[in-house]
Amino acid sequence: MAGLIAPTAAGAAATSPAQADAALRGALRAVVTAPGGPPGAIAVVQRGSSRHVARAGVADLRTRNAWRIDDHMRLASTAKAFNGAVALSLVQQGRLGLDDTIGTWLPTLPAAWSTITLSELLHHTSGLANYTASPGFQRALGSNLRRRFTHMQLVGFVARDPLAFAPGSAYAYSNTDNIVAGLMTEAAARTPYAQLLRSEVYAPLGLHATTLPSGWRLPRPLARGYDFATSSAPPVDVSEVLSMSGVWAAGGIQSTPADVTRFVRGYVGGRLFGPAVAHAQRTWVRGNSDPQGPGVNSAGLSLFRYRVGCGTVYGHTGNIPGYTQFIAASSDGSRSITLSVNTQLSDGSGSPRAFHLLRRAFARGACAALAGG
């Protein structure tokens, strides 16, 4: 596991936007040239209306094209921030409450889950077992990677599992939390989750290249995602290997660097809900995002706080076969960083060295966003 980045490394002594941008470009080059590193990387830094795009490597090993800001990619668990955006927008409208329980909106789910609140789901303090780690889900997925799952099938994989702890008493990152939260928003709004994304998130923030598929295809143009099975074998293109129905509200969204930049600025900056809801969202508990973000991580409601040596940003990370993501913004949303690479890296997946360098790039990106402020 990569250790926490020391403040001096995260701050990177960069005192101007130009210096910070140069440090970020160097960090991206280090990631893509590391053993087990991704073929390519892109980072979009925005400070007010000023945008800087940094790239390293390639988005497609066949064409050797560089990564473009309108290339489609899997958002992985950064899609959980979109889930939070929908849920908290409904809270703002009074259609759903943070203290509303699973039992109120989804009475057919296990009785042991009935007192768990929406807040606990979004905080990852529910105690629900993680369905993606269940043997049943792993077998089902392994038998057909493009299988289409229903949302209730996903929660069904852990419906008989005991709670890991009393709700609200501890933190444990679980994909089940977001599946159930998505189901609660559907029940409260009497509207499919994909439609809620369009009305509550895409339309208000002007997102035109973001969708939630149930199948496995990615729109064109795309940045291809790769898997390195062994150090000696050529990388495998896994861009369209998996059906996104298997992750749905926990990680199924596909978007572009340009669109996800607009999203994180609006989401963190408070364009989707008011100050009272934002204050509730930023009730922090100890907990890392998955994969671990830069600096010291703390968990809020579908939002993580990342404290690095140069300051603090708020956002989310994610990874899925073929992609690893980091999206974050300053507290008011005016400064942002989105960073994407086209292989899956984390503490336990891919090259530990490459992931250590990627976390350093995350920190350099955060500092570039905050530079000159």
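This is a predicted model: local features need pLDDT of at least 70, side-chain atom pairs count only at pLDDT 80 or more; totals for chains, interfaces and linings use all residues.

Q: How many disulfides does a search of the whole structure find?
A: The search finds 1 disulfide. Cys 310 and Cys 367 form it, with their sulfur atoms 2.1 Å apart.

Q: Is Cys 367 buried or exposed?
A: Cys 367 counts as buried, because its relative accessibility is 6%, under the 20% cut-off. Cys 310 has a relative accessible area of 32% and is therefore partly exposed.

Q: What about α12 itself, how enclosed is that helix?
A: Of the 19 residues of α12, 15 are buried, so the helix is largely enclosed by the rest of the structure. Its end C-alpha atoms are 27 Å apart, which agrees with the 27 Å that 19 residues should span at 1.5 Å a residue.

Q: What follows α12?
A: Gly 372 follows α12, and its phi is positive, near 75 degrees. Gly 372 is also one of the residues that Arg 335 touches.

Q: Where is Arg 335, then?
A: Arg 335 belongs to strand β12 (residues 335–341). Its relative accessibility is 18%, so it counts as buried. Among its contacts beyond four places in sequence are Ala 369, Leu 370, Ala 371, Gly 372 and Gly 373, as well as Gln 46, Arg 47 and Arg 265.

Q: How far is Arg 335 from Gln 195?
A: Their C-alpha atoms are 29 Å apart in space, and 140 residues separate Arg 335 and Gln 195 in sequence.

Q: Changing topic to helix packing: at what angle do α3 and α9 pack?
A: Helix α3 (residues 79–92) packs with α9 at an angle of about 75 degrees, and their axes are 9 Å apart. This angle makes α3 roughly perpendicular to α9, since angles of 65 to 115 degrees fall in that class.

Q: Which residues make the contact?
A: On the α3 side they are Phe 82, Asn 83, Ala 85, Val 86, Ser 89 and Leu 90. On the α9 side they are Tyr 193, Leu 196, Leu 197, Glu 200, Val 201 and Tyr 202. By class, the contact of α3 with α9 has 9 nonpolar, 2 polar and 1 charged residues.

Q: How much of α3 is buried?
A: Helix α3 is mostly covered, with 13 of its 14 residues buried. From first to last C-alpha, α3 reaches 20 Å, close to the 20 Å expected at 1.5 Å a residue. Just after α3 comes Gly 94, with a positive phi of about 80 degrees.

Q: Which residues other than glycine have a positive phi?
A: His 124, with phi near 60 degrees, is one of them, and Arg 190, with phi near 55 degrees, is another. For context, most residues other than glycine have a negative phi.

Q: Are those two buried or exposed?
A: His 124 counts as buried, at 4% relative accessibility, whereas Arg 190 counts as exposed, at 79%. His 124 is placed in the loop between α5 (118–123) and α6 (135–143), and Arg 190 in the loop between α8 (175–189) and α9.

Q: Where are there cis peptide bonds?
A: One joins Arg 220 and Pro 221, with omega about -5 degrees. Another runs from Asp 290 to Pro 291, with omega near 5 degrees. Pro 221 lies in the loop between α9 (193–205) and β4 (226–227), and Pro 291 in the loop between β7 (285–286) and β8 (296–299).

Q: Finally, what does Pro 39 touch?
A: Beyond four places in sequence, the contacts of Pro 39 include Val 32, Val 58, Leu 61, Tyr 226, Phe 228 and Asn 342. Pro 39 lies in the loop between α2 (17–33) and β1 (40–47), and it counts as buried at 12% relative accessibility. Its C-alpha atom is separated by 7.8 Å from that of Asp 60, 21 residues away along the chain.

How values were computed
Residues are numbered from 1 along each chain as its sequence is written. Side-chain values use heavy atoms; hydrogens and water are left out. Helices (H or I, at least four residues) and strands (E, at least two) are DSSP runs, numbered from the N terminus. Buried means under 20% relative accessible area, exposed over 50%, partly exposed in between (1.4 Å probe, protein chains only). Contact means heavy atoms within 4.5 Å. Axes are lines fitted to C-alpha atoms, for helices over the stretch in contact, and angles run from 0 to 180 degrees between N-to-C directions. Angles under 35 degrees count as roughly parallel, over 145 as roughly antiparallel, 65 to 115 as roughly perpendicular and the rest as oblique. Ala, Val, Leu, Ile, Met, Phe, Trp, Tyr, Cys and Pro count as nonpolar, Asp, Glu, Lys and Arg as charged, and the others, Gly among them, as polar. A disulfide is a pair of cysteine sulfur atoms within 2.5 Å. The expected span of a helix is 1.5 Å times one less than its number of residues.
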